[in-house]
Every structure is written in C-alpha cells, then in structure tokens.
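This briefing is for a reader meeting the structure for the first time. Please look over the sequence and the model before reading on.

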Amino acid sequence: MLAHSAAFTQHLYTQMRVQMASDKSHASQEHVSDTAPASASDNTTAQASTSHGATSHDTATPCISFEQWMGMVLYTPEWGYYTGGLAKLSGDSQAGQALQGDFTTAPELSPWYGRTLAQQVSQVLQASDSLNILEFGAGSGKLAFDVLNELNNPNINYFILELSADLKARQAERLAPFATQVEWLDALPSQFTGCVLANEVLDAMPTTVFEFNQDAELQELYVGFDAEQAQFVWQPQPASAELSHLVQARMPALPHYRSEINRQAESWIHAMGSWLQKGAAILIDYGFPQQEYYHPQRAEGTLMCHLRHHAHADPLVYPGLQDITAHVDFTAMADAAIEGGLEVLGYTSQARFLMNCGILQMLSQLNPEDTLNYAQSIGPVQKLLSEAEMGELFKVLMIARDVDIDPIGFMLGDRRHSL
C-alpha cells in the first residue's frame, strides 16, 4: 500500500507541474488577446484579475487548487482512491474477523435500510409512471440488491453509473440474481424518467477549500509540494472574484476561519434539471443547512478522511489510499435544484425519513423470541436511527420535476423551512 502511495506521489507531482504549465499557457493567451493597459496601474489591475487557477504561476513550486487535488487523488484512473483496486467498503462482517475496507455505509449496516428506502422509491415510480431507477455510486451493490429485492418486480430497470471498475465488478457479482434488470452506464443520460438515488455521493465530489487569514482576507487553499520534507502542503492563494462572491453571500468574514464550497456538487444538482424529465431524486448524505454549515464554531471546516476505519482531517497524506469527503451544504443543493428548474419536495433527518417510511412497522414483524436474529436486525437499525450515530448527522433531500406527490418520507418532521 505504501509503495502505491509513494509512486502515486511522484505521479501527482508530475501532473501538478503539467497542470501549472497548462494554466500558465492559458493565462498568457488571455493576456495576449487583451487590449494593452494604458498605464502601469492598469497593468497591475490586469495581472490581479487573472483567471481562477492562475494565481500560482509566479512561484517556482507547482501548486493546484484543492478541488483539482481532491479530484486527482480520488479519481485518477488506476491510481485514485475510487478508481484503484483497494478495498473501500466493509461488507458483511464475520465474528472474529477484523473490519475490512475503510468505512461502512448505511446499506452495508442493515438490509432494512434498503428495504425501507424502497417504500419511497415505489411511491416515486408510481407518481412518475415509470419503472426506471438510476443509482449514482452504487458501492458494493448492497443498496441496489435490497431495493430490488423489496420491490420484487422483474419489470423494473435498474441503472447504475459507477466510476470504479473494481466496484462495478463487486456490484455485478452481488446483483447476479437481478442480472436481467441491471445495466451500467458510462455517462449521464440525456433524459430520464423515474427515481434517482444518490447515497453518499455528494460528499465525495471535489470541493473548494477557502480560508480567512488573520486580517479576514479571503484566500483559496491550494496544494503544493515541499521537496525538502517530501510532502504535500497547503499553499494559500488570493481568492478569485467568483469565489469571493460566493463566500460573501453565505457567511461573514471571520479571521482564521476555514471551510468549503462544493461548486461541482452544486453544478451536478443544477444539471439534473436538464435531464430529469419526470420523477424525483433522493439524495442522502451527511451535512447541514447553510447557517449550521458556516457556524462560527465550525472554524476548521468539515473535511474528513477515512483509512482502515480511522477518521482524521489531513487530506494531504496517503494519496490514493484514503477516502476524502466534505459535509454537504444542503441549502446550496436545494438552491441549485431550484435554479435548475426542479422542485424541493422534502428535507429531513435520516432517522425521521426511515421512520416515516415505516422501518419500525417493518421490524415489528420480527419474532423477538428468535433472540439471535432479532438482535442482529435491531442493533444496526439503532445505529441508523440514533441521534448520536447516523440518525441526525445524515439528512435526506428530495428534489423532483413534474410529479404530483406528497412523499411519505417527509410526512412528519419536514425541515425545508431550515434551508
């Protein structure tokens, strides 16, 4: 593993130099095409207004934006965390065996998660007059298996868009009983009608990291390489006009405050408005409304890394070996949906969503006298519902187009007013 990381480090350094040269060439072409400044002060202004990503060109050490860095270490073919062949998700654990992978998701914890989610999926399919489900980032295929198993309809078409060849292989193996119903896509559909699922997808999209310095001046954090220490390091750069505008609209300037804005996730949600013709998307992830996301006490941001079930906050180490995520600003996601022509139908906690969809009623069918099976079923569900575990941190957002529906998952405890 460490040899892989060391080799990837060299590859990243080379790619950073290539990216810097490309940005510099692009910026130079822009300057050549511009009208020559009339004075020295105009020339200074022109240099200060170069494009996003061109701020590192005056330094000998290559550096790229963290958004570019996160994209490289997670998604570089064969090298990246999600595109390499290393184990990521924990499967069904066996007694006496150590946990495999780096993290566990809700579908891996309990089949009752997918079975309960299927109740909301069924309502969306009926309202959209469709039998199509599209899941982004299907992990091990566990969620797809449980949803299809619960719906028990051989006419349902289940599409999966997955970047990882390793995970595709795992999905195909797990979903073999539904082989005639499942199809893998290589790109976004031009149009889609039905139900879209995205469980822990938004948090893994490359994000922009910003920071206010001691003088409350906004900076974007780039990533460079310290040759003497042989390690990647943060390199603050002046924020672009675009980033400054976005940050100012969301929070006040606070000295020594660091956080993120996920422009890629917002663009992805906005673009959904161009291809979701009729139906709804169920987005499940950990995060907060905007006023909580940028709370003054959350001064270190939300970046989190996972390696062998250990969580830490340094995304610049172990490139290609660790997962990197950022919490989701659900207000920004809802705004992007509305701007893209979609409607926000509900927003609530995972616990409330699952209870609204009937998870407790489904569990009541279990026989408590079958002690072992009952305990194995109830224990993981308590983690899914507990406010101290996943029940409150994880949220569910439903966005839709052209469906007349009162979604069951948001009957009680809808928090759209908090967005």
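The points below go from the whole chain to selected helices and strands.

The model is predicted. The protein chain has 419 residues, of which 52% count as buried. It contains 15 helices and 16 strands.

**The chain as a whole**

- Taking contacts between residues at least 6 apart in sequence, 77% join residues at least 24 apart.

**Helix 3**

- Buried here means under 20% relative accessible area.
- The buried residues of helix 3 are Phe66, Glu67, Trp69, Met70, Met72, Val73 and Leu74.

**Helix 9 against helix 11**

- Helix 9 (residues 263-275) packs with helix 11 (residues 330-339) at an angle of about 35°, and their axes lie 7 Å apart.
- The crossing of these two helices, helix 9 and helix 11, is right-handed.
- On the helix 9 side, the contact involves Ala265, Glu266, Ile269 and His270.
- These meet Ala332, Met333, Ala336, Ala337 and Glu339 of helix 11.
- Sorted by class, the residues in the contact of helix 9 with helix 11 are 6 nonpolar, 1 polar and 2 charged.

- Strand 7 (residues 218-226) pairs with strand 8 (residues 231-238) in the antiparallel sense, over 8 bridges.
- Opposite aspartate 226 stands glutamine 231 of strand 8.
- The hairpin has 4 residues between the strands, and alanine 230 takes a positive phi near 55° there.

- An open sheet is formed by 3 strands in the order 12-11-13, with antiparallel pairing.
- Strand 12 (310-312) and strand 13 (323-325) are the edge strands, and each pairs on one side only.
- From one strand to the next, the twist of this sheet averages 25°.
- Strand 11 (residues 304-307) is joined to strand 12 by 3 bridges, and the two run antiparallel.
- Leucine 307 has histidine 310 of strand 12 as its bridge partner.
- As a general point, strands of a sheet pair through backbone hydrogen bonds, either parallel or antiparallel.

Definitions and conventions:
Residues numbered from 1 in each chain as written. Predicted model: local features only at pLDDT ≥ 70, side-chain atom pairs only at ≥ 80, totals over all residues. Heavy atoms only, no water. Axes fitted to C-alpha atoms, helices over the stretch in contact; angles between N-to-C directions. Left-handed = near helix turned anticlockwise from the far one by under 90°. Contact = heavy atoms within 4.5 Å. Nonpolar A, V, L, I, M, F, W, Y, C, P; charged D, E, K, R; others polar. Pairing = 2+ DSSP bridges. Buried < 20%, exposed > 50% of the residue type's maximum accessible area, 1.4 Å probe, protein only.
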